[in-house]
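Please keep the sequence and the structure in view while reading.

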Amino acid sequence: MKHLTKQQRDRIVAVGIGTVMVLVLIWQGLIVPQQKHLATVLKRIAEQQTKNDNARRLIAAADELQQQLQQATAKLQDAEAGMASGDMYSWIIQTISKFREPYNVDIPQFSREVPCEVGLFPEFPYRAVLFNLRGTAYYHDLGRFVADFENRFPYLRVQNLELEPAAGSAANAPTKAEAPNAATKADSEKLAFRMEIVALVNPNSN
């Protein structure tokens, strides 16, 4: 550089500056846009990969979802099979009479069904009917009967249970000389009851 003239040095500097400017223009005009485009492409690839992964997981779970749907449908059909259907009056008598066999509860009076509102949800998909039942039982027998009944039939509901002394009701037949007094005491402990049963109606019932 010492042997170069000032004019030669100026040319070299000018060439260097020009080269730097060209490199800057190439960087800004070509490399930076390409990098941005590459970043956009990579982002789209990642998004598409995520969608593909989700789709594969959904496809893999389709069989399990179908199985769960079938199980839920089977449970619903089982529940509907036990709902009120056909001749409602005969249905309630048969259902109650069969269930109460192991209980010391007497239910001789059944009313005809009366349509009623369930009131659980605004658009509940099932109709309901109401029955009035009358009978006699001892307090603890009736309590056990009602509790077991509601556990056994989740689509039936006992409501408005009313109790009063069952005056004049017959108890067990006397077996001893003092049995009349015992029977009188037992009669005084027996209760007459009235209750309503709300039953959901099988949607497939005619």
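## Salt bridges

Arg112 is partly exposed, with a relative accessible area of 47%, where buried means under 20% relative accessible area, exposed over 50% and partly exposed in between, for a 1.4 Å probe and protein chains only. This is a predicted model, in which local features need pLDDT of at least 70 and side-chain atom pairs count only at pLDDT 80 or more, while totals for chains, interfaces and linings use all residues. Residues are numbered from 1 along each chain as its sequence is written, and side-chain values use heavy atoms, with hydrogens and water left out.

The side chain of Arg112 meets that of Asp87 in a salt bridge, at 4.0 Å from N to O; the term stands for a side-chain nitrogen of Lys or Arg within 4 Å of a carboxyl oxygen of Asp or Glu. This pair links distant parts of the chain, since Arg112 sits in the loop between strand 1 and strand 2 (114–116) and Asp87 in the loop between helix 1 and helix 2, 25 residues apart. Helices (H or I, at least four residues) and strands (E, at least two) are DSSP runs, numbered from the N terminus. Asp87 counts as partly exposed at 43% relative accessibility, and Asp87, Arg112 and Glu113 are linked in a network of salt bridges.

The structure holds 5 salt bridges. One of them joins Asp53 and Arg56, whose closest N and O atoms are 2.2 Å apart; because these two residues are 3 apart in helix 1, about one helical turn separates them. Asp53 is partly exposed at 25% relative accessibility, and Arg56 is partly exposed with a relative accessible area of 47%. Another salt bridge connects Glu196 and Arg194, with 3.7 Å between the closest N and O atoms, and here Glu196 and Arg194 are both buried.

## Nonpolar core

In soluble globular proteins, nonpolar side chains tend to be buried together. The largest nonpolar core of this model has 34 residues, and those with the most contacts inside it are Ile107, Phe145 and Ile197; such a core is a set of buried Ala, Val, Leu, Ile, Met, Phe, Trp, Tyr and Cys residues joined through side-chain atoms within 4.5 Å. The elements that give two or more residues to this core are helix 2 (88–99), strand 1 (105–110), strand 3 (128–138), helix 3 (139–152), strand 4 (156–165) and strand 5 (190–200).

Leaving aside neighbours within four places in sequence, the contacts of Ile197 (heavy atoms within 4.5 Å) include Ile92, Ile96, Val129, Leu130, Phe131 and Leu133. Phe149, Leu156, Arg157 and Val158 are also among the contacts of Ile197.

## Aromatic pairs

The structure holds 8 aromatic pairs, where rings of Phe, Tyr and Trp (its six-membered ring) pair if their centres lie within 6.5 Å, with planes under 30 degrees apart counted as stacked, over 60 as edge-to-face and the rest as tilted. Phe145 and Phe149 form a stacked pair, at 5.9 Å centre to centre and with 20 degrees between the planes. Both of these residues lie in helix 3, 4 residues apart, about one turn of the helix, and Phe145 is buried at 1% relative accessibility, as is Phe149 with a relative accessible area of 1%.

Phe153 and Tyr155 form an edge-to-face pair, with 6.2 Å between the centres and 70 degrees between the planes. Phe153 counts as buried at 7% relative accessibility, and Tyr155 is buried with a relative accessible area of 13%. One aromatic cluster is formed by Phe99, Tyr103, Phe145, Phe149, Phe153 and Tyr155.

Most residues other than glycine have a negative phi, and most peptide bonds are trans. Asn160 has a positive phi of about 50 degrees although it is not a glycine; Asn160 is found in strand 4 and counts as partly exposed, at 45% relative accessibility.

Asn202 lies in the segment after strand 5 and counts as buried because its relative accessibility is 11%. Not counting residues up to four places away in sequence, Asn202 touches Glu80, Ala81, Met83, Ala84 and Ser85.
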